[in-house]
Amino acid sequence: MKIAALDGGDIHVWRVRLDPEPEVVEALERTLSDDERGRANRFHFARDRRRFIVARGALRSLLARYIGGEPEDVRFAYGERGKPRMADAECPAFNVSHSGELALIAIAAAGAIGVDVEAVRDIEDRDAVAARFFSPREYACIRALPERVRTQSFFACWTRKEAFVKALGDGLSRPLDSFDVTCAPGDAPRLSIAGDPAETQKWMLTPLAPGPGFEAALVADGRDRAVSCRTWSTEVASYVTSGFSRTR
Ligand SMILES: CC(C)(COP(=O)(O)OP(=O)(O)OC[C@H]1O[C@@H](n2cnc3c(N)ncnc32)[C@H](O)[C@@H]1OP(=O)(O)O)[C@@H](O)C(=O)NCCC(=O)NCCS
């Protein structure tokens with residue numbers, strides 16, 4: 001049974017809570033492959049094990065519904081730097097991110113997509129981290145903001161950069177100062193690749209608001225692709241399209 005058609009450039013972003021009832025965790029665990037179960041068992045803390053199982057199980061469950069198969073039959077392959085994809089090239093493209101008890105799963109018929117979510121939290125050396133990882137323009141922007149919005153903007157910047165890196169799938173092989181994102185409240189979301197307006201035009205940045213206390217972003221190749229945000233609800237064992245917001 002297919003739950004939704006992915007028309008053309010459509011991108012569906014699913015929000016998944018990673019703390020469902022234990023019986024849901026058990027059911028999802030049964031759909032994992034042996035190597036995924038092995039990976040789950042290598043986590044030191046039960047909480048991290050559970051979060052991995054639910055995120056991977058929900059991913060399998062969703063992808064199976066899109067292609068009309070069983071979750072346990074979904075086969076993954078991995079890029080050089082570990083980016084998972086469906087083994088069959090005809091199958092949808094996807095990307096996953098998790099933070100705390102929340103995961104986001106972005107799915108599209110094809111193309112490069114990257115998603116990132118972070119719980120907004122205090123970081124002791126926040127400005128030093130920004131100086132190290134952000135471009136000079138991003139760092140200057142963060143430093144100019146009043147303290148009350150600085151942490152949120154830090155995570156807006158972080159998730160937007162990370163979503164681009166994840167769309168490329170090449171980890172940190174692209175220098176983090178070779179592209180800029182906007183992140184100040186009120187600034188239009190924008191991704192610019194230094195000295196390369198043609199490459200800049202190829203990408204679309206969409207901030208997401210999956211819930212209070214979280215910053216998130218989606219980056220995809222192409223322009224004006226339709227993005228819809230949905231909530232995966234294990235409680236009712238179905239797929240609720242109540243949605244969440246694309247922008248903060
Ligand atoms: C995977 C990576 C790209 C992101 O990791 P992260 O932000 O810690 O974790 P997220 O929860 O957002 O994403 C993890 C998921 O991304 C996917 N993933 C793994 N490798 C990936 C890659 N090379 N590209 C894209 N996605 C990848 C997997 O589905 C993974 O889920 P899993 O762990 O359940 O298998 C990480 O390897 C990395 O290189 N991070 C860069 C860290 C950094 O310094 N960023 C600075 C940003 S300003």
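These legends walk through several close-up views of a predicted model.

Before the views, a word on conventions: residues are numbered from 1 along each chain as its sequence is written, and side-chain values use heavy atoms, with hydrogens and water left out. Because this is a predicted model, local features need pLDDT of at least 70 and side-chain atom pairs count only at pLDDT 80 or more, while totals for chains, interfaces and linings use all residues.

View 1. The elements giving two or more residues to the shell are α3 (46-67), β4 (93-99) and α6 (147-168). Helices (H or I, at least four residues) and strands (E, at least two) are DSSP runs, numbered from the N terminus. There are 22 residues around the ligand, and Arg39, Ser97, Asp116, Glu162 and Lys166 come nearest; to be counted, a residue needs a heavy atom within 4 Å of the molecule. Sorted by class, the shell holds eight nonpolar, six polar and eight charged residues. Nonpolar covers Ala, Val, Leu, Ile, Met, Phe, Trp, Tyr, Cys and Pro, charged covers Asp, Glu, Lys and Arg, and the others, Gly among them, are polar.

**View 2. Polar atoms facing the ligand.** Look for Lys166, where a polar side-chain atom lies 2.8 Å from an oxygen atom of the ligand. At His98, a polar backbone atom is 2.9 Å from a ligand oxygen. Gly82 brings a backbone N or O atom to 3.3 Å from a nitrogen atom of the ligand. On its own the ligand has 920 Å² of accessible area, of which the protein covers 78%; such areas come from the Shrake-Rupley method with a 1.4 Å probe, and for residues only the protein chains shown count as cover.

**View 3. Glu118 in strand β6.** Glu118 belongs to β6 (residues 113-119). Its side chain joins that of Arg121 through a polar contact of 3.1 Å. A polar contact is a pair of N or O atoms within 3.5 Å; within protein, one must be able to donate a hydrogen and the other to accept it, and residues adjacent in sequence count only if both atoms are side-chain atoms. Glu118 counts as buried because its relative accessibility is 15%, where buried means under 20%, exposed over 50% and partly exposed in between (1.4 Å probe, protein chains only).

**View 4. The loop between β7 and β8.** Cys183 is found in this loop and is buried, at 0% relative accessibility. From Ala188 to Pro207, 19 residues apart in sequence, the C-alpha distance is 9.8 Å. Pro189 lies in this loop too and is partly exposed at 38%.

View 5. Ala110 is in the loop between β5 (102-108) and β6. With a relative accessible area of 46%, Ala110 is partly exposed. Pro92 is 18 residues from Ala110 in sequence and 5.7 Å away in space, C-alpha to C-alpha.

**View 6. Asp224 and its phi angle.** Most residues other than glycine have a negative phi. Asp224 is not a glycine, yet has a positive phi of about 55 degrees. Asp224 is found in the loop between β10 (214-221) and β11 (227-233) and is exposed, with a relative accessible area of 76%.
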